Amino acid sequence: MLLLIDLDGTLINTVHPTWRPYKDGQDGFLIEPYLNQLPFFLGAKKFLTSRKSKGDKIVVISDSHFRYVNPICDMLDVERISLADKPNTKKLKEFLDGHPDYKQEVDNGDCFVIGDTRLDIELGRQIGAMTIWFLPYQITEEIKDERDGIGEEMLSKKYGPTYDVKTFNEMERIIDAPLSYLYSIEATFADSVSYRAVKLNFNRYKDGSYACIRCLARQEQGACDKYARADKYYIMSNPQRTQEFIRTLAEGISNYINQPALVAEGWDYFTYLTDKSSTTPPNKMMDIFDLVETSVPKVQLLKWADNVHGSLREQNLYNDRQTFLQNYLSVDCPTETSIDMFGQEQQTTLSISGKNIIVLDDQLTTAATAWHVIRKLKEKGARNVLFVAMFQMTLSVNNGMICPICGKPMLIKIRRTDGHRFYSCTPPEYRGDGCGFIQDIPEQN
Ligand SMILES: [Zn+2]
């Protein structure tokens, strides 16, 4: 395994602005006198020693100056790329060209890029490596730094790292068995089992109740590691999707919601965002929902108005989206008819007051729908709400591919009918300025 690991904020706690002149290699700010007092994060040195003993190749990749990076990496006895200019891949690619055995690891997919900022994730995605977003420190106002990408927690998550990790012990387990720690739907498509999720939001209310948003697979845009599954997102929306495919999706959801720690929270209802009458394929969501295995009672609590037309995706502005949701998506608890002790018919509407509810949706883009649903359920008295989206749309990343015909950058596109990927020098009829050249990307599993 090849580990490309960031230095500042990942191995050593040098995110505070006082370290900046050292990191920038300014005259009079030599790091040598401080080598023995560097603030390594807990477990960092042990991690490096352990990975070396397991035969991994380690390269520190840092935007800091070589006057600072070199003495530290000499001390750690690891290779290094300084002034890396992340997420620009130029310097990394030059390094790999000089190390064919390392390049082989990247090409084989046996490579991790590890770091604390979105720059590390962007860099990793561009070379198709697995990415570990590692945040071993507390983000405070004082350390936020746009240039270095420090403190951009939500942005980092939106770039869709393969793993989101808090300790070096956890990182060790992941590198030893990457498939076992994928997000749960990604794992089922990789013939593995996992119950991890992308943890996007957690909101605690005054009464102690909470709402949170989780996603079970990444729907990447542009370059990414092979475990992200935008291809599967498109297959889900294709009327030709197979029963086998739906079962695999449902299995990933079941694995997530049946994990002991989540079951222990005590859920009363499992519901889903129903299909609009205009959705294709019809029952796109219902078929999946029905196959999820859970002991939590399944009920239909959410309803799109019959007259809904268009989709949320066509509403660009935040306020338009809110209005669209407000007009068309509501909580509609089912009504039951029973016979009372006097033989009279009684209508009772299911109450969700004080109940803990899991909601399933297909895709998370802006989270507008998620927060709308959470708010509506809370208004009807729901207690805890867990909003689970199957796919998280990530921010897009360039892939560095250049069209061999016209020299313009090519984009990764996905054929909607079967999820097949290809590079496209997008021509004007598809709103690009390229020549129309297309290059197939071989199928991955
Ligand atoms: Zn072209």
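Student: Which residue of β18 is the bridge partner of Ile 414?
Tutor: Arg 421 in β18 is the bridge partner of Ile 414. Before we go on, note that this is a predicted model, in which local features need pLDDT of at least 70, side-chain atom pairs count only at pLDDT 80 or more, and totals for chains, interfaces and linings use all residues. Residues are numbered from 1 along each chain as its sequence is written.

Student: What makes β17 and β18 a pair?
Tutor: They are joined antiparallel over four bridges, and pairing requires that DSSP finds at least two bridges between two strands. Strands themselves are DSSP runs (E, at least two residues), as helices are (H or I, at least four), numbered from the N terminus. The two strands form a hairpin with six residues between them, and Gly 419 in the turn has a positive phi of about 75°.

Student: Why are β17 and β19 said to stand at the edges?
Tutor: The open sheet has three strands in the order β17-β18-β19, with antiparallel pairing. β17 (411-414) and β19 (438-440) each have a single partner strand, so one side of each lacks a neighbour in the sheet. The twist averages 35° from one strand to the next (angles run from 0 to 180 degrees between N-to-C directions, with axes fitted to C-alpha atoms, for helices over the stretch in contact). β18 (residues 421-424) and β19 pair over three bridges, and Ser 424 stands opposite Ile 438 in β19.

Student: Which strands stand at the edges of the six-stranded sheet, and why?
Tutor: That open sheet runs β3-β2-β1-β4-β5-β6, with parallel pairing. β3 (79-81) and β6 (163-165) are at its edges, because each has a single partner strand. Neighbouring strands are turned by 25° against each other on average, direction ignored. Inside the order, β1 (residues 2-5) and β4 (residues 111-115) pair in the parallel sense over four bridges, with Ile 5 opposite Ile 114 in β4. Helix α8 (residues 168-176) packs on this sheet, touching β4, β5 (130-134) and β6, and its direction makes about 155° with that of β6.

Student: What does Gln 363 touch, leaving aside its neighbours within four places in sequence?
Tutor: Its contacts are Gln 219, Tyr 233, Ala 389, Met 390, Phe 391 and Met 393. Met 393 is 30 residues from Gln 363 along the chain, yet their C-alpha atoms are separated by 7.1 Å.

Terms used. Contact = placed C-beta atoms within 7 Å.
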